[in-house]
Amino acid sequence: MTERPDAALIETTLAAVANAGIDIRHALFERFLSAYPNRHSAFLNLDAASRRMTDETLQILFGLATDEGWVWPLVAELVVTHRNYGALLADEYDAFIDLTIDELGRAAGRTWTGAHAAAWLRQGEILKAMIRRALAEWESAMPGGRAAAPA
Ligand code: HEM
């Protein structure tokens with residue numbers, strides 16, 4: 001058990017959702033794709049992608065709360081590989097993170113308190129800022145998705 005307060009709150013939520021046997025990805029993707037219907041066709045295998053996207057988002061948010069060094073390289077990589085799926089905007093990532101946290105809150109039931117919400121939202125904001133930084137850095141290194149020509 002970690003001593004970091006957000007990590008402890010996040011672990012409580014994850015345990016509560018697991019005990020409730022709720023797989024949040026179904027409602028999460030239904031809500032996400034009804035907000036961004038044009039993205040539906042980018043998902044060639046929605047079942048597989050919804051598992052991986054949901055799991056990875058939760059791992060990253062927990063990893064941020066425990067100060068894991070692998071988070072930034074993973075986020076930087078996911079942002080560049082996601083360029084294969086279209087020109088995704090920071091707002092879309094924000095919405096995915098917000099909806100993930102909202103669905104966790106619904107699934108966690110009575111264990112979801114203001115402190116739990118605040119812990120998730122704090123890490124969510126850190127992740128949103130990291131994604132913006134990765135988008136900007138890749139755009140400057142590879143404008144429009146292409147490697148910049150050597151000077
Ligand atoms: C915190 C945010 C996100 C995380 C952690 C995440 C993670 C992942 C992971 C792990 C995969 C599996 C394969 C791969 O690594 O490329 C994936 C696939 C994918 N993601 Fe995301 N993702 C995020 C946000 C988004 C957003 C905002 C979109 C917008 C539409 C998106 C669209 C896709 C698509 C289209 C695929 C491929 C689906 C397929 O081939 O069926 N992702 N994502």
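**Close-up views of a predicted model**

**View 1. Helices around the largest pocket.** In this predicted model, helices α3, α4, α5 and α6 (114-141) each bring at least two residues to the lining of the largest pocket. Helix α3 contributes the most, with seven residues. The pocket has a volume of about 760 Å³, and 26 residues line it, with Phe43, Met53, Leu78, His82 and Tyr85 nearest its centre. Sorted by class, the lining holds 17 nonpolar, four polar and five charged residues.

View 2. Histidine 82 counts as buried because its relative accessible area is 16%, under the 20% cut-off.

**View 3. Threonine 66 in the loop between α3 and α4.** Look for threonine 66 in this loop; its side chain reaches the backbone oxygen of phenylalanine 62 at 3.0 Å. With a relative accessible area of 11%, threonine 66 is buried.

**View 4. The second largest pocket.** This pocket has a volume of about 240 Å³. Its lining counts 15 residues, and Asp23, Ile24, Thr54, Asp55 and Leu58 lie nearest the centre. The elements giving two or more residues to this lining are α1 (5-20) and α3, and α3 gives the most, with seven. By class, eight lining residues are nonpolar, three polar and four charged.

Methods
Residues are numbered from 1 along each chain as its sequence is written. This is a predicted model: local features need pLDDT of at least 70, side-chain atom pairs count only at pLDDT 80 or more; totals for chains, interfaces and linings use all residues. Side-chain values use heavy atoms; hydrogens and water are left out. Buried means under 20% relative accessible area, exposed over 50%, partly exposed in between (1.4 Å probe, protein chains only). Helices (H or I, at least four residues) and strands (E, at least two) are DSSP runs, numbered from the N terminus. A polar contact is a pair of N or O atoms within 3.5 Å; within protein, one must be able to donate a hydrogen and the other to accept it, and residues adjacent in sequence count only if both atoms are side-chain atoms. On a 1 Å grid over the protein atoms alone, a cavity is a set of points where a 1.4 Å probe fits but cannot get out, and a pocket is an open set with protein on both sides within 12 Å along at least five of seven lines; lining residues have an atom within 4 Å of a point. Grid points are joined across faces, edges and corners, and a volume is the space filled by probe spheres set on the points. Ala, Val, Leu, Ile, Met, Phe, Trp, Tyr, Cys and Pro count as nonpolar, Asp, Glu, Lys and Arg as charged, and the others, Gly among them, as polar.
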